[in-house]
2 protein chains.
Amino acid sequence: MWFIAPMRTFLLTAAAALLVAAVPAKKLLTPNDIVSTAPASAWKTVSADDLMVMDLANGGRIVVQLAPAFAPVHVANIKALARGKYWDDATVYRVQDNYVAQWGLNESDKPWPSGVTAKPPAEYTRALKGLGVIRLGSSDAYAPNAGFADGWPVAYSSKQGWADLAHCYGSVGVGRDLSPDTGTGGELYAVIGNAPRQLDRNIALVGRVIDGIDKLSTLPRGTEALGFYKDKAQYVPIASIRIASDMPAGERPSYEVMDTASASFAEYLKLRANRHDDFYIRPAGGVDLCNVQVPVRKKA
Amino acid sequence: MWFIAPMRTFLLTAAAALLVAAVPAKKLLTPNDIVSTAPASAWKTVSADDLMVMDLANGGRIVVQLAPAFAPVHVANIKALARGKYWDDATVYRVQDNYVAQWGLNESDKPWPSGVTAKPPAEYTRALKGLGVIRLGSSDAYAPNAGFADGWPVAYSSKQGWADLAHCYGSVGVGRDLSPDTGTGGELYAVIGNAPRQLDRNIALVGRVIDGIDKLSTLPRGTEALGFYKDKAQYVPIASIRIASDMPAGERPSYEVMDTASASFAEYLKLRANRHDDFYIRPAGGVDLCNVQVPVRKKA
């Protein structure tokens with residue numbers, strides 16, 4: 001059950017359980033039931049070349065799945081920055097409640113490593129063609145259409161032919177200054193609050209945190225404007241940022257994302273939009289794009 | 001500006017500022033500009049009888065605005081629980097990332113103080129009539145209509161005549177066991193993640209955190225199922241929960257909420273749906289209900 005069960009109610013539930021044992025009823029499935037019983041074929045392993053592993057000096061690990069299909073130049077930059085040791089001495093220097101945590105070098109004039117494109121194009125949208133979108137089936141306030149493509153939440157226009165990654169909880173984007181600057185990739189942010197979809201198509205998203213977001217979401221909030229830490233002593237040091245494929249094979253973490261084109265995901269999506277089980281009595285009949293977290297699991 | 005400004009870009013911006021001084025351009029307004037210049041008539045003071053002040057033992061203060069117009073019996077219970085000292089020895093005992101922080105006595109059989117209705121009705125919706133809703137003007141995935149009533153985000157059906165408070169970041173609700181239990185009010189939760197709108201019409205909302213949500217959102221996440229803390233030593237002690245009107249007059253905090261029927265709010269809402277300023281270059285033309293945080297400010 002999802003909320004509180006006072007002890008007296010536990011007793012009541014135990015009594016009810018005896019009745020259920022006597023007269024078995026059809027179990028109402030939850031989204032978690034679908035995830036825990038999905039066949040192996042419903043899962044896709046994330047390439048080690050698309051995993052960014054960020055270790056904080058305090059021992060916390062944050063793992064980001066990169067999205068080269070949506071922002072190829074920015075993602076290539078991030079790999080070059082990691083491999084070129086650009087982020088030695090990087091910190092988390094901004095944490096704004098219900099918005100973002102941001103890290104990098106902050107106002108540095110350190111030269112870009114080789115392989116970095118200093119002024120990438122505005123990779124805010126891409127062609128819808130070739131994405132193979134699974135429709136959300138609910139309305140979206142920010143775009144004509146919404147759905148899922150290869151494991152990612154996307155907003156799109158089937159008429160105009162564009163698609164973009166949606167800013168959801170855990171999304172990782174590239175900090176930038178005013179337009180036409182698109183950011184190089186040295187400063188990154190992760191969403192730690194309600195989906196700030198107004199950023200869609202205004203900034204480059206490069207991936208999402210798939211493990212350890214709580215290592216960012218629990219950090220103290222900065223007290224300066226926009227959540228910047230007031231004193232450098234508050235900055236949270238980052239020990240290393242690596243691409244998993246550059247790590248020794250035995251140390252690489254590995255993850256699987258549910259295939260959004262699978263029958264399991266279709267069932268999961270349907271249940272997310274129509275919660276109806278022992279706890280939920282009034283299904284909404286709809287669901288917000290960012291409220292359908294695509295299932296991810298760590299491989300042993 | 002909203003994101004990162006490397007030092008070299010600051011220099012660029014300074015040069016651009018000189019140009020702007022020579023050729024003044026029309027300033028593009030942001031939602032914050034509307035809030036900071038709204039007249040006194042656009043603000044309404046929250047009654048001290050509708051403010052719940054929760055002080056953690058670590059010094060953090062969380063202030064909740066109660067919503068008696070939506071859940072009158074549950075809100076009356078909460079006032080009776082505070083006045084009857086029910087929450088002496090209460091703790092925050094559950095913090096689930098991207099979901100809720102929950103507090104109370106957890107599995108206690110402590111008797112209810114006088115004035116508490118042990119089994120309140122299911123105050124999950126109320127009559128739309130009498131609310132005077134301002135329309136959101138964007139689509140909503142969870143209800144036929146959405147908007148704002150007396151400062152609150154609401155979902156509603158103009159055809160069927162019901163309305164409910166929406167589960168947004170900061171919303172406070174009443175923990176319950178399985179239906180038809182509606183919860184008495186002893187166990188409360190606050191949303192600390194993406195709006196869990198699937199809970200709408202399935203649980204009683206009684207208000208929202210209007211100050212100090214970061215004191216909950218930064219707490220360590222519980223490692224047991226549903227974010228419960230594993231050891232009682234991890235529970236976060238609550239020093240007191242009081243209704244502001246019961247506090248000495250000189251100690252009461254006081255807040256103003258923007259009148260959602262005011263011209264200022266109409267302008268704010270329009271800009272939230274159409275961000276277009278020095279940073280935002282592609283306005284969405286729509287906005288999610290929970291992404292229009294109704295402005296709140298503390299009175300001196």
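Trainee: Which residue stands opposite B:Val92 in E14(B)?
Mentor: B:Val92 faces B:Val236 in E14(B). Please keep in mind that this is a predicted model.

Trainee: How many bridges pair strand E4 of chain B with strand E14 of chain B, and in which sense?
Mentor: Two bridges pair E4 (residues 91-95) with E14 (residues 236-243) of chain B, in the antiparallel sense.

Trainee: What do the eight strands of chain B close into, and in which order?
Mentor: They close into a barrel, and the order is E2-E3-E13-E11-E12-E5-E4-E14, with antiparallel pairing. On average, neighbouring strands of this sheet are turned by 35° against each other, direction ignored.

Trainee: Which strands does helix H3 of chain B touch on that sheet?
Mentor: Helix H3 (residues 72-83) packs on the sheet of chain B and touches E2 (51-56), E3 (61-66), E11 (171-174), E12 (188-191), E13 (205-211) and E14. The direction of H3 makes about 110° with that of E14(B).

Trainee: Changing topic to E8(B): how many of its residues are buried?
Mentor: Five of the five residues of E8(B) are buried, so the strand counts as mostly covered under a limit of 20% relative accessible area.

Trainee: And which way do they point from E8(B)?
Mentor: B:Asn145, B:Gly147 and B:Ala149 point one way, while B:Ala146 and B:Phe148 point the other way.

Trainee: What joins E7(B) to E8(B)?
Mentor: Two bridges do, and the two strands run antiparallel. Within E8(B), B:Phe148 is the residue opposite B:Ile134.

Trainee: How many bridges join E8(B) to strand E9 of chain B?
Mentor: Five bridges join E8(B) to E9 (residues 152-157) of chain B, again with the strands running antiparallel. One of the partners in E9(B) is B:Tyr156, which is bridged to B:Asn145.

Trainee: Which residue takes a positive phi in the hairpin of E8(B) and E9(B)?
Mentor: That residue is B:Asp150, with a phi near 50°. The hairpin has two residues between the strands.

Trainee: Now helix H5 of chain B. Which of its residues are buried?
Mentor: In H5 (residues 263-273) of chain B, the buried residues are B:Ser264, B:Phe265, B:Tyr268, B:Leu269, B:Leu271, B:Arg272 and B:Ala273.

Trainee: What do the buried residues of H5(B) pack against?
Mentor: Within chain B, they pack against helix H2 (31-37) and against strands E7 (134-135), E8 (145-149) and E15 (255-258).

Trainee: How many aromatic pairs does the structure hold?
Mentor: Over all chains, the structure holds 14 aromatic pairs. Among them is the pair of A:Phe148 and A:Phe265, which is edge-to-face, with 5.0 Å centre to centre and 70° between the planes.

Trainee: Where in the chain do A:Phe148 and A:Phe265 sit?
Mentor: A:Phe148 is in strand E8 of chain A and A:Phe265 is in helix H5 of chain A, 117 residues apart, so the pair links distant parts of the chain. A:Phe148 counts as buried because its relative accessibility is 0%. A:Phe265 is likewise buried, with a relative accessible area of 0%.

Trainee: What is the geometry of B:Phe148 and B:Phe265?
Mentor: Their ring centres lie 5.0 Å apart and their planes are at 70°, so this pair is edge-to-face. B:Phe148 belongs to E8 and B:Phe265 to H5 of chain B, 117 residues apart. Both B:Phe148 and B:Phe265 are buried.

Trainee: Which residues form an aromatic cluster with A:Trp87?
Mentor: A:Tyr86 and A:Trp112 form one cluster with A:Trp87.

Trainee: Which residue lies over the face of B:Phe279?
Mentor: A:Arg176 does, at 3.9 Å from the ring centre. Within chain B, B:Lys110 lies over the face of B:Tyr86, at 5.5 Å from the ring centre.

Trainee: What rotation superposes chain A on chain B?
Mentor: A rotation of 180° with 0.0 Å of shift along its axis does so, with an RMSD of 0.0 Å. That is the relation of a two-fold axis. The same surface serves both copies, as 99% of the contact residues of chain A recur in chain B.

Trainee: Finally, what is the strand order in the open sheet of chain B?
Mentor: The three strands have the order E1-E15-E16, with antiparallel pairing. E1 (43-45) and E16 (296-298) of chain B each have a single partner strand, so one side of each is left without a neighbour in the sheet.

Terms used: Residues are numbered from 1 along each chain as its sequence is written. Chains are lettered from A and ligands numbered from 1 in the order in which they are written. This is a predicted model: local features need pLDDT of at least 70, side-chain atom pairs count only at pLDDT 80 or more; totals for chains, interfaces and linings use all residues. Side-chain values use heavy atoms; hydrogens and water are left out. Copies are superposed by least squares on the C-alpha atoms of residues with pLDDT of at least 70 in both. Contact means heavy atoms within 4.5 Å. Buried means under 20% relative accessible area, exposed over 50%, partly exposed in between (1.4 Å probe, protein chains only). Helices (H or I, at least four residues) and strands (E, at least two) are DSSP runs, numbered from the N terminus. Rings of Phe, Tyr and Trp (its six-membered ring) pair if their centres lie within 6.5 Å; planes under 30 degrees apart count as stacked, over 60 as edge-to-face and the rest as tilted. A charge sits over a ring if NZ of Lys or CZ of Arg is within 6 Å of the ring centre and within 35 degrees of the ring normal. Two strands pair if DSSP finds at least two bridges between them. Axes are lines fitted to C-alpha atoms, for helices over the stretch in contact, and angles run from 0 to 180 degrees between N-to-C directions.
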